[in-house]
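Visitor: Could you walk me through this model, please?
Guide: Gladly; here it is.

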Amino acid sequence: MINATYVSYEEAQKLIPLFEYYAQKGQWKEVRQDAKAILEELRFVRSIDYSPLPGNQVVLTSDQYKFLDEVRGEVGR
């Protein structure tokens, strides 16, 4: 299953260092792979926005989306 979400430039800038860490030092291979895939998507987010929704659309697998959502929750605390 594929999930899509919108990520603003500001949010992407906060999340990139966290996913860089998980991509290099994640405890499991799957975590490192998912972090690399999410990181690749986050690096495409730009500060220019011409759409009615803020940010860029990021398309992820279900597991990657859950991972992103968990990290978003930690950043929001």
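Visitor: How many residues does helix α2 have, and what does it reach from its first C-alpha to its last?
Guide: This is a predicted model, where local features need pLDDT of at least 70, side-chain atom pairs count only at pLDDT 80 or more, and totals for chains, interfaces and linings use all residues. Residues are numbered from 1 along each chain as its sequence is written, and side-chain values use heavy atoms, leaving out hydrogens and water. Helices here are DSSP runs of H or I with at least four residues, numbered from the N terminus, and the expected span is 1.5 Å times one less than the number of residues. Helix α2 (residues 29–42) has 14 residues and is close to the expected 20 Å, reaching 20 Å.

Visitor: Which residues of α2 are buried?
Guide: Buried means under 20% relative accessible area, exposed over 50%, and partly exposed in between (1.4 Å probe, protein chains only). Turned away from the buried side are the exposed K29, E30, K36 and E40. The buried residues are D34, A35, I38, L39 and L42.

Visitor: Which residue forms a salt bridge with E11?
Guide: A salt bridge puts a side-chain nitrogen of Lys or Arg within 4 Å of a carboxyl oxygen of Asp or Glu. E11 sits in helix α1 (residues 9–25) and its partner in helix α3 (residues 62–76), 61 residues apart. With closest N and O atoms 2.7 Å apart, the partner is R72.

Visitor: Is R72 buried or exposed?
Guide: The cut-off to compare with is under 20%. Because its relative accessibility is 18%, R72 counts as buried.

Note on methods:
Helices (H or I, at least four residues) and strands (E, at least two) are DSSP runs, numbered from the N terminus.
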